Amino acid sequence: MKFRLATRSSPLALWQAEAAKRALGAAWSDAECEFVEVRSSGDTDLSSPLTRFGRIGIFTVEVDRVVIEGRADVAVHSCKDMTTELGTGTMLSAVLGRGPVEDALVAPPGTTLEGLPSGARVATSSARRRALLRSLRPDLEVVEIRGNVQTRLAKLAAGEADALLMARAGLERLGLGEHVSEVLDTERFPHAAGQGAVALVVKEGDWPVHERVQAVRDLETWDEVIAERAVLRELRGGCSAPIGVVARVVESTLALRARVLALDGSRSVEASLVGPRDAAESLGTTLGKELAARGARELMRT
C-alpha cells in the first residue's frame with residue numbers, strides 16, 4: 001500500500017516523517033511512502049507571537065487540510081503542536097514511541113538555569129515555558145524567538161539572547177544534543193501535552209488507512225498522550241496555553257500531574273491523580289475538572 005505522508009518542510013518535521021515512514025515499513029511489507037511537503041502559517045509568519053495562534057493549529061491546520069482534500073493519506077505532526085480538539089474531518093490514528101519529554105536549556109557548556117546571571121535574556125516562543133521561567137527566575141528577561149531549531153540556534157550565536165528554552169527531543173533528533181547545557185526535570189518544569197511524541201492523523205472515515213496506521217501505535221505513549229490532551233481539552237487550553245502536564249504509564253497504571261500558571265508566572269495551581277491506564281481519557285478529564293474547579297481557567301488568562 002502506498003502512503004502519502006503530509007509534513008511540514010522543516011528539518012525536524014522531515015525527521016518525524018522519516019520516523020513514520022520507517023514505522024509503517026516495519027509494520028507492512030508492502031508499504032511505500034512518499035512525502036507531501038507543506039509550508040504552514042507557523043513557518044511563514046515568524047514575527048507574530050505563538051499565543052496569537054494557540055487555538056487554530058498554526059503548525060498543523062494546513063498539513064491536515066492536505067489530508068482532508070485527498071492530496072495525502074496521513075498527516076505527520078509533533079503531537080505537542082496539535083490543537084486539543086482535532087479539526088473537523090480528521091482523526092488521530094497513532095502516535096509513535098515517545099522520545100525525550102523534557103525541556104532543555106541551551107546555553108554555554110556548564111550553564112544551568114539557576115546559574116544564569118540576573119537580567120540574562122532567555123528566549124522562547126512558548127507561553128508555558130515563559131510562565132515557568134518567570135515563576136522560577138523572575139529576575140531574568142524573557143524574550144520572544146521564532147523559527148526552526150537551526151534558526152533559533154543561529155539567533156543565539158548571533159547574540160539575540162543569552163540562552164534558549166527548547167524541547168530536548170527536537171535537539172537530539174537532529175543530532176544537536178551537544179547544545180543542551182541543562183535538561184530541565186519535569187517536576188519543576190512540566191512539559192507540554194504530547195511533547196516528545198510524533199502523531200499520525202488521517203481523514204475522518206478513511207478506515208482502510210486508519211486500520212493500517214493503527215499498527216504502528218505505541219500503546220504506552222498513546223495512553224499518556226490521550227490523558228495529557230484530555231486535561232487540555234477540559235481546560236479549553238490551546239497548545240500554547242501555560243499548562244504543563246505529565247502522564248507516565250507504569251505497567252497497568254497511569255500517573256498524571258498538571259500545573260496551570262498565570263502568564264506572568266506569579267501564581268499556579270497543580271493537581272495529580274493515579275488510575276488504570278485503560279481509563280486514560282477519563283483520568284485526564286477528571287484532572288482537568290479538578291483544576292478548573294480551583295480556578296485554572298481564569299488563572300491562565302491573567
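I am working from a predicted model, and I began with the strand order. I found an open sheet of five strands, which runs β2-β1-β3-β10-β4 with mixed pairing. I then asked which strands stand at the edges. They are β2 (32–38) and β4 (90–95), and because each has a single partner strand, one side of each is left without a neighbour in the sheet. For the twist I noted an average of 30° from one strand to the next.

I looked up how β1, residues 2–8, meets β3, residues 74–78, and found that the two run parallel and are joined by two bridges. For A6, I recorded A75 as the bridge partner in β3.

I searched the whole structure and noted one cavity of 30 Å³ or more; the volume of the largest cavity is about 60 Å³. Which element gives the most to its lining? I found that β3 does, with three residues, while α1 (11–27) is also listed as supplying at least two. Among the residues that line this cavity I wrote down R8, Q16, F59, V63, H77 and D81. By type, the lining divides into four nonpolar, four polar and two charged residues.

Notes: Residues numbered from 1 in each chain as written. Predicted model: local features only at pLDDT ≥ 70, side-chain atom pairs only at ≥ 80, totals over all residues. Heavy atoms only, no water. Pairing = 2+ DSSP bridges. Helix = DSSP H or I, 4+ residues; strand = E, 2+ residues; numbered from the N terminus. Axes fitted to C-alpha atoms, helices over the stretch in contact; angles between N-to-C directions. 1 Å grid on protein atoms, 1.4 Å probe; cavity = no way out; pocket = protein on both sides within 12 Å on 5 of 7 lines; lining within 4 Å. Points joined across faces, edges and corners; volume = space filled by probe spheres on them. Nonpolar A, V, L, I, M, F, W, Y, C, P; charged D, E, K, R; others polar.
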